[in-house]
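Have the model open as you read.

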Amino acid sequence: MGPKSARVYRTIREWVASGKLQPGEKLPSERTLEKDLDIGRTQLRTVLAKLVAEKVLESYARSSYRVPSHDVSIERPADLEPWQIHGERTVYDNRWVKLTLVDVEPPGVERFEHHVVRLHHVSIAAVLDAQDRVLMLWRYRFVADKWGWELPGGIVDEGEDARATALREVEEETGWRPDSLDHVVTFQPMIGMVDSPHAIYVGKGAQHVGDPTDIEEAGHVAWVPLADIPGLMARGELMGSGTLVALLHVLASRGEGASTASA
């Protein structure tokens with residue numbers, strides 16, 4: 001895309017990301033967009049087609065577009081009871097990890113103590129460039145005694161916004177500063193026993209600002225082609241649930257399938 005098309009592309013993405021355009025809301029007509037955004041019809045349609053392909057927008061009628069709705073058809077069961085929590089005692093606690101025993105009582109089951117590991121809130125970012133490559137780190141993880149590819153990310157400091165953490169960690173670990181990051185999902189990787197929210201962000205574009213400053217966390221920095229991701233996954237070279245969730249989202253948003261080979 002040329003500079004004008006790129007500007008309009010960023011503008012419409014920002015309308016959606018900021019909430020100026022809500023899920024299910026219709027975009028202004030092409031004629032209105034041409035006038036308000038100072039762009040020609042052919043260039044505008046190229047931008048809109050790209051946004052549809054990325055599932056930022058959806059086409060629902062001739063030359064009409066709207067923000068995809070997040071409504072779902074399935075209803076939540078209303079007749080189930082949560083577990084009762086009667087108390088909690090700490091077994092071990094330091095700045096990195098806290099282990100507790102929680103006195104719980106599931107419906108219809110005798111109460112018992114359940115181990116819970118409480119870790120930090122984590123933020124992870126997938127940064128893409130114009131060549132459909134993702135910024136990654138090749139690292140050694142001693143816990144699994146394994147080398148592999150990971151996305152940059154780290155612990156959200158107390159009082160810090162998770163998006164700010166993602167921006168900071170990318171720059172510290174790779175030396176690249178993202179142009180922007182959008183929140184995709186926050187999930188729990190081991191919900192049965194471990195409490196550690198993982199916030200996933202995806203963005204496009206970054207500026208190289210220097211060498212990585214976080215020496216402990218830094219690894220070999222590389223822009224990895226998205227086309228290589230399914231193969232890396234099949235070889236078991238993608239490490240960490242946050243990396244997998246983020247990259248699977250990116251592939252799905254492009255309509256690509258990521259199949260894995262049997263081990």
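At 27% relative accessibility, Asp 195 counts as partly exposed (buried means under 20% relative accessible area, exposed over 50%, partly exposed in between, with a 1.4 Å probe and protein chains only). Its salt-bridge partner is Arg 118, at 3.4 Å from N to O (a salt bridge is a side-chain nitrogen of Lys or Arg within 4 Å of a carboxyl oxygen of Asp or Glu). Arg 118 sits in strand 5 and Asp 195 in strand 12, 77 residues apart; helices (H or I, at least four residues) and strands (E, at least two) are DSSP runs numbered from the N terminus. Arg 118 is partly exposed too, with 28% relative accessibility.

Before going on, some ground rules: this is a predicted model, where local features need pLDDT of at least 70 and side-chain atom pairs count only at pLDDT 80 or more, while totals for chains, interfaces and linings use all residues. Residues are numbered from 1 along each chain as its sequence is written, and side-chain values use heavy atoms, leaving out hydrogens and water.

## The sheet around it

Strand 5 (residues 112-118) runs parallel to strand 12, with two bridges between them (strands pair if DSSP finds at least two bridges between them). Val 117 stands opposite Val 194 of strand 12.

## Strand 6, covered on both faces

How many residues of strand 6 are buried? Seven of its seven. Val 122, Ile 124, Ala 126 and Leu 128 cover one side, and Ser 123, Ala 125 and Val 127 the other.

Ser 123 takes part in both pairings: its bridge partner is Gly 154 in strand 9 and Ala 199 in strand 13.

## Two nonpolar cores

The largest nonpolar core has 22 residues, and Val 134, Met 136, Leu 151, Val 224, Ile 229 and Leu 238 touch the most other members. (A core is a set of buried Ala, Val, Leu, Ile, Met, Phe, Trp, Tyr and Cys residues joined through side-chain atoms within 4.5 Å.) Among the elements giving two or more residues to this core are strand 6 (122-128), strand 13 (198-204) and helix 5 (229-234). A second, separate core of 17 residues includes Val 8, Ile 12, Trp 15 and Leu 27.

Take a look at Val 224: leaving aside residues up to four places away in sequence, its contacts (heavy atoms within 4.5 Å) include Val 134, Met 136, Trp 149 and Ile 229.

The whole structure has 21 salt bridges. In one of them, Arg 41 pairs with Glu 30, with the closest N and O atoms 3.5 Å apart. Arg 41 is partly exposed at 34%, whereas Glu 30 is buried at 5%.

Glu 150 and Arg 139 meet at 2.8 Å, N to O. Glu 150 lies in strand 8 and Arg 139 in strand 7, so the pair ties together parts 11 residues apart in sequence. Both are buried: Glu 150 at 9% and Arg 139 at 5%.

## Positive phi

Two non-glycine residues are worth a glance. Lys 55 has a positive phi of about 65°, in the loop between helix 3 (41-53) and strand 1 (58-61). Asp 145 has a phi near 50°, in the loop between strand 7 and strand 8, and is exposed at 57%.
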